[in-house]
Amino acid sequence: MQYFLRSLFLVLFLVHICECRQESRWTGQAGLHKRGARLSRSGDATKTRKIRTEQLLRIDDHDFTMRPAFAGPAVPVGVDVQVESLDSISEVDMDFTMTLYLRHYWKDDRLAFPSTTNKSMTFDSRLVKKIWVPDVFFVHSKRSFIHDTTTDNIMLRVFPDGHVLYSVRVTVTAACNMDFSRFPLDSQTCTLELESYAYTDEDLMLYWKSGDDSLSTDDRISLSQFLIQKFHTTSRLAFYSSTGWYNRLYISFTLRRHIFFFLLQTYFPATLMVMLSWVSFWIDRLAVPARVSLGITTVLTMSTIITGVNASMPKVSYIKAVDIYLWVSFVFVFLSVLEYAAVNYLTTVQNGREQKLRAKAKEQSLPCTCGLSHARAVMLDGTYSEVDTSSLASYTQPPDEVLEKQERMVVHLSVDRESTTTAGKKKGQRALGLIQNTHAIDTYSRMIFPGAYVIFNLIYWSVYC
């Protein structure tokens with residue numbers, strides 16, 4: 001009996017242990033289910049908040065591929081711009097690069113939501129893809145992009161009454177038609193143009209939100225080569241024959257070039273080369289190597305300056321102001337070389353003629369006493385031959401007649417010599433005056449070249465400044 005009770009007690013004990021284990025397993029599973037339920041409810045709450053936001057803006061209730069007030073009046077879209085920086089101005093490519101904040105303002109009743117505090121809601125670029133925004137683009141732009149560091153630089157702000165603010169940070173490179181006829185003493189006006197790509201003026205009306213105050217700039221904006229004079233805004237209608245009329249907004253700014261850089265790099269070196277070419281006027285005309293090497297050096301230096309300036313400029317088909325100055329300076333340098341060529345040539349001609357005159361004088365000179373009391377040499381001009389003159393020495397007439405004939409001959413020779421000498425002087429003074437003094441060309445050049453160059457500079461800077 002005791003053995004039976006013990007066995008029964010052992011069986012009951014084992015059954016109890018099994019029931020406890022089963023209960024603990026059920027309790028663990030129930031805990032897991034509760035935890036999962038809590039997590040599920042937490043996920044549903046997040047989904048609920050998302051649904052509430054979408055329901056608040058009623059994004060799923062409308063077709064945002066169509067503009068607000070579709071088939072109604074044009075949607076007014078106000079625009080304002082804040083220029084952050086002017087990054088570069090390129091004369092070679094004729095363009096400029098600008099970074100700006102572009103803001104759009106419009107009203108979309110489909111986005112209106114109830115609010116007791118009248119506070120707006122701000123979103124990033126993820127919501128922009130789900131609603132309608134104006135399709136504004138930059139006319140004549142070459143490159144543009146929206147900054148994406150660290151995220152897309154896009155902001156969307158929705159107000160309870162449906163007003164929307166859409167702001168993007170953009171860097172754009174746009175074309176600028178430049179006129180270099182007065183370069184580098186020029187001023188350039190560049191324009192950035194904004195326009196809707198798809199919507200004509202019947203669907204979308206672009207306008208400057210605050211008039212002239214719609215454009216703001218940073219006072220620290222500066223460029224190395226230009227002085228920014230002014231920014232201003234305008235608006236006009238643009239017509240395309242295939243699509244119609246569009247509202248177009250203009251941001252114009254005027255740039256005046258700094259001249260000091262070009263004075264140091266272009267004008268002063270060119271002027272110094274011209275002045276250096278004048279040094280040859282004070283060098284002896286017989287120092288051929290010195291004057292020739294100086295002239296060639298200045299010509300080559302001017303050619304290098306002209307090439308360097310044109311290398312950094314677009315290949316335009318008209319003459320620039322700097323071209324006028326450099327080429328006139330080049331002409332002055334080149335004329336100084338030609339001046340020495342003329343001096344050297346006239347010096348050679350003069351030396352040749354002097355040698356011929358000395359040789360001819362030796363051939364035509366003849367000593368003639370002819371029995372005269374005052375014997376002297378005379379120059380025969382062909383009136384009396386050498387034989388006639390010599391015959392006077394053997395003339396056998398009486399002394400009175402011989403003396404009378406000798407006096408007549410001497411008088412005739414002297415008169416004829418005076419007449420030929422006077423005529424020769426008149427012609428020689430006019431024809432050989434410059435040749436006999438070729439150094440006078442250098443003397444005149446010392447005054448003419450600097451005077452002409454000073455006059456040119458006065459005219460040049462009075463016209464272009």
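Trainee: With which handedness does α3 pass α5?

Mentor: Two packed helices are described by the angle between their axes and the distance between the axes. In this predicted model, α3 passes α5 in a left-handed crossing. Left-handed means the near helix is turned anticlockwise from the far one by less than a right angle; clockwise is right-handed. Helices here are DSSP runs of H or I, at least four residues, and strands are E runs of at least two, numbered from the N terminus.

Trainee: At what angle do the axes of α3 and α5 cross?

Mentor: Roughly 15 degrees, for α3 (residues 260-277) and α5 (residues 321-364), and the axes come within 9 Å. Axes are lines fitted to C-alpha atoms, for helices over the stretch in contact; angles run from 0 to 180 degrees between N-to-C directions. That makes α3 roughly parallel to α5 (under 35 degrees; over 145 is roughly antiparallel, 65 to 115 roughly perpendicular, the rest oblique).

Trainee: Which residues meet?

Mentor: Contact means heavy atoms within 4.5 Å. Among them, Y267 and M273 are in α3, F332 and V333 in α5.

Trainee: How do I read the sheet order?

Mentor: Strands of a sheet pair through backbone hydrogen bonds, either parallel or antiparallel. Here the open sheet runs β4-β8-β12-β11, with antiparallel pairing (at least two DSSP bridges per pair). β4 (136-139) and β11 (226-240) each have a single partner strand, so one side of each lacks a neighbour in the sheet. β11 joins β12 (residues 244-257) through 14 bridges.

Mentor: Residues are numbered from 1 along each chain as its sequence is written. Local features need pLDDT of at least 70, side-chain atom pairs 80 or more, while totals for chains, interfaces and linings use all residues, and side-chain values use heavy atoms, without hydrogens and water.
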